[in-house]
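Let's take a walk through this structure together, one piece at a time. Have a look at it first, and then we'll pick a spot to begin.

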Amino acid sequence: MPVMDIQAIRDILPHRYPMLLVDRIEELEPDRIVGIKNVTANEPFFAGHFPDYPVMPGVLITEAMAQVAGVLVLSSIPDRHTKLVLLASVEEAKFRKQVRPGDQLRIEMKVLRRKATIAKMSGTASVDGVVVAEAIMMCVLADRN
């Protein structure tokens, strides 16, 4: 059973189709989270990103990682509906293997450092136990207004 299904994620993140890139949260701890993104042939980006050989763009893998990180940050604050988590930086991003339709991304993010409105995290995205991407990210908590 997932810790959070898509409805719970939609309650936390402001993203909507086609930019909501997290399908469920499987593990949630104070400084660690695991999220799942099912990659289907129906993704809108596949129509224009190598349509004869569809590959998920690395920038969208990074965005999926950032959204999982956002769920972690927002789930720990009581007034989360008044806040946004904004991506502030991406460091040491590496893309090791292609992500194709039918793959399931398992995204694990860990907090390296957290202050009142800033969190620095490291994370990996893997498919079938093989790391396909990794990065260190910093995000900032901001008011929605």
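Start with arginine 24, which is partly exposed, its relative accessible area being 22%. Keep in mind that you're looking at a predicted model. The side chain of arginine 24 meets that of glutamate 26 in a salt bridge, at 3.1 Å from N to O. Glutamate 26 is partly exposed too, with 30% relative accessibility.

Now step back to the sheet. Its 6 strands run in the order β1-β2-β4-β5-β6-β3, forming an open sheet with antiparallel pairing. What's left without a neighbour here? One side each of β1 (24–29) and β3 (83–95), because these two stand at the edges with a single partner strand each. On average, neighbouring strands are turned by 20 degrees against each other, direction ignored. As a reminder, strands of a sheet pair through backbone hydrogen bonds, either parallel or antiparallel.

Zoom in on one pair: β4 (residues 104–114) and β5 (residues 118–127) are joined in the antiparallel sense over 8 bridges. Within this stretch, glutamate 108 has threonine 124 in β5 as its bridge partner.

With a relative accessible area of 15%, it's buried, yet it forms a salt bridge with lysine 110, where the closest N and O atoms are 3.7 Å apart. Lysine 110 is partly exposed, at 42%.

Another salt bridge links arginine 114 and aspartate 31, whose side chains meet at 3.9 Å from N to O. Arginine 114 sits in strand β4 and aspartate 31 in the loop between β1 and β2, so this pair ties together parts that are 83 residues apart in sequence. Both ends are partly exposed: arginine 114 has 35% relative accessibility, and aspartate 31 has 43%. Over the whole structure, a search turns up 12 salt bridges.

Helix α2 (residues 58–75) lies across β1, β2 (32–38), β3, β4, β5 and β6 (130–143), and runs at about 50 degrees to β6. From first C-alpha to last, its 18 residues reach 26 Å, close to the 26 Å expected at 1.5 Å a residue. Is α2 enclosed or open to the outside? Of its 18 residues, 14 are buried, so α2 is largely enclosed by the rest of the structure.

Methods. Residues numbered from 1 in each chain as written. Predicted model: local features only at pLDDT ≥ 70, side-chain atom pairs only at ≥ 80, totals over all residues. Heavy atoms only, no water. Pairing = 2+ DSSP bridges. Helix = DSSP H or I, 4+ residues; strand = E, 2+ residues; numbered from the N terminus. Axes fitted to C-alpha atoms, helices over the stretch in contact; angles between N-to-C directions. Contact = heavy atoms within 4.5 Å. Expected span 1.5 Å × (residues − 1). Buried < 20%, exposed > 50% of the residue type's maximum accessible area, 1.4 Å probe, protein only. Salt bridge = Lys/Arg side-chain N within 4 Å of Asp/Glu carboxyl O.
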